Amino acid sequence: MTRIGIFGGGQLAQMLTQAAIGLGLETVIFERTPDSPAGRLTQREIVGAWEDPALAAQFAAQCDLITLENEFVDAGMLAALEAQGKIVAPTAAAVGLVQDKLVQKQRLAAAGLAVAPFQAVATPDDVVQAACAFGWPVLLKARRNGYDGYGNATLHSAADVPAAWERLSRGGGLLMVEAFVPFERELAVMIVRSRAGAAARYPVVETVQEQHICRIVRAPARIGPAQAAAASDLAAAAVAAVDGTGIFGVELFALADGRVLVNELAPRPHNSGHYTIEGCVTSQFENHLRAVLGWPLGQTDLRTPAAVMVNILGRRNGPAPADALQAALAVPGAHIHLYGKREVRIGRKMGHVTALGATLAEAEAVALRAAELVDL
Ligand SMILES: Nc1ncnc2c1ncn2[C@@H]1O[C@H](COP(=O)(O)OP(=O)(O)OP(=O)(O)O)[C@@H](O)[C@H]1O
Ligand SMILES: [Mg+2]
């Protein structure tokens, strides 16, 4: 049986494992702590630090192919695995380009793709100077290891710089600054590129973030055909610019004048693609596996006029109750996914709900109602 190794054992690895089982594949999960959402689904769970060479070797020995559920893997280690003859997808080179937001933006800009003005900064003074050039507000971002907005701060004046600098550079990480984009809406596109050379695009969707965390995804986005085509082309070009293999999430900003900018790439399944499980002919997870194996890709079309996904975010801190779903299960048409996380934290992604419909409004009402009724 073909074994796919995954760096990470969270919900993305869990849903990848579910898709792997359906294709007759097995996964090997390498996660820092035991009893992860994905680790529970396989007998092959390696627990410990990814940086531990002995554990990494033990992991690699069990896998025919290695992939990842987050980009916080040392690209040098991935390159070492490739040098030993392991297939790593996405490649070490692609992960290296994407995992540093500055290097990623430089690559996208060098490929002639539209991004917000950005600059590397070494001191708080550099931030003020960049903001004078770009105009306030600006975003200060940690170049690495940011997620769900934890690595970002919006700065409205020079007075905001010291505290944000302190918070984001704690631990010695490098920072960058970006012009604030007055977007009309945020879009996302999942792009899949196979090791065999084929590529496919999922529909352009609209994402709604609250406090920097994705809350709602609407498929398709409520934009005109010209802007949708521009977003789709830009997303495909962005993944080609880093020579991505497997599934990539591309986050975009749509401006009122019709222009579209790339915000960032994720070299893996993405929250904005969860709707594909029920909403599309082939899910992002299945297509990722097909792509990294060099198998024929599945169709990416919507199976319904509209699909809406709503994240289930923790509303308390403490152990997850066993009966959290009782009320939500009564909502007809709601496809509810819980990730089996033992602990709830405020704002933590605990699961998601997808609803399909004839219209976005109809699907959204169902998904929101069910997500609201989940007691987590
Ligand atoms: N230059 C910008 N202008 C305006 N808003 C921005 C900008 N950059 C980021 N944001 C807002 O902050 C959100 C999170 O930013 P970004 O995607 O860079 O961070 P992240 O922590 O990697 O996010 P995630 O893991 O949720 O994708 C964006 O979805 C957007 O709402
Ligand atoms: Mg993002």
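In the predicted model, a polar side-chain atom of asparagine 152 lies 2.9 Å from an oxygen atom of ligand 1, a polar contact being defined as a pair of N or O atoms within 3.5 Å, with the further conditions within protein that one atom must be able to donate a hydrogen and the other to accept it, and that residues adjacent in sequence count only if both atoms are side-chain atoms. Glutamate 178 places a polar side-chain atom 2.8 Å from a nitrogen atom of ligand 1, and an N or O atom in the side chain of glutamate 264 is 2.7 Å from an oxygen atom of the ligand. In total, 20 residues surround ligand 1, the closest being Lys101, Lys141, Gly149, Glu186 and Glu264, where a residue is near a molecule if one of its heavy atoms lies within 4 Å of it. Because the model is predicted, local features need pLDDT of at least 70 and side-chain atom pairs count only at pLDDT 80 or more, while totals for chains, interfaces and linings use all residues. Side-chain values use heavy atoms, with hydrogens and water left out, residues are numbered from 1 along each chain as its sequence is written, and chains are lettered from A and ligands numbered from 1 in the order in which they are written.

Glutamate 264 also takes part in the metal site. The protein donors of the magnesium ion (ligand 2) are Glu251 (OE), Glu251 (OE) and Glu264 (OE), which lie 1.9 to 2.7 Å from the ion; donors are N, O and S atoms within 2.8 Å of the metal (3.2 Å for Na, K and Ca), and since water is not among the atoms, sites may look incomplete. Glutamate 251 lies in strand S13 and glutamate 264 in strand S14, so the pair ties together parts that are 13 residues apart in sequence; helices (H or I, at least four residues) and strands (E, at least two) are DSSP runs numbered from the N terminus. Glutamate 251 is buried, with a relative accessible area of 19%, and glutamate 264 also counts as buried, at 18%, given that buried means under 20% relative accessible area, exposed over 50% and partly exposed in between (1.4 Å probe, protein chains only).

The largest nonpolar core has 26 residues, of which Leu108, Leu187, Val250, Leu252, Val262 and Leu265 touch the most other members; such a core is a set of buried Ala, Val, Leu, Ile, Met, Phe, Trp, Tyr and Cys residues joined through side-chain atoms within 4.5 Å. At least two residues of this core are supplied by each of helix H4 (92-98), S9, helix H8 (225-241), S13 and strand S14 (260-266), and the largest share, seven residues, comes from H8. A second, separate core of 21 residues includes Ala306, Ala355, Ala371 and Leu376.

Helix H10 (residues 284-293) is mostly covered, eight of its 10 residues being buried, and the elements that cover these buried residues include strand S1 (3-7), helix H1 (11-22), strand S4 (65-68) and helix H9 (276-279), contact being taken as heavy atoms within 4.5 Å. The helix is followed by glycine 294, whose phi is positive, near 75°. Tryptophan 295, in the loop between H10 and strand S15 (306-313), is partly exposed at a relative accessible area of 34%, and residues that it touches include Leu23, Leu25 and Ser194.

Two strand residues illustrate polar side-chain pairing. Threonine 27, in strand S2 (residues 26-31), counts as buried at 2% relative accessibility, and a polar contact of 3.0 Å joins its side chain to that of threonine 17. Lysine 349, in strand S19 (residues 349-357), is buried with a relative accessible area of 13%, and its side chain makes a polar contact of 3.0 Å with the side chain of asparagine 271.

Valine 331 lies in the loop between strand S16 (318-319) and strand S17 (335-338) and counts as buried at 7% relative accessibility. Leaving aside neighbours within four places in sequence, valine 331 is in contact with Val366, Arg369, Ala370 and Leu373.
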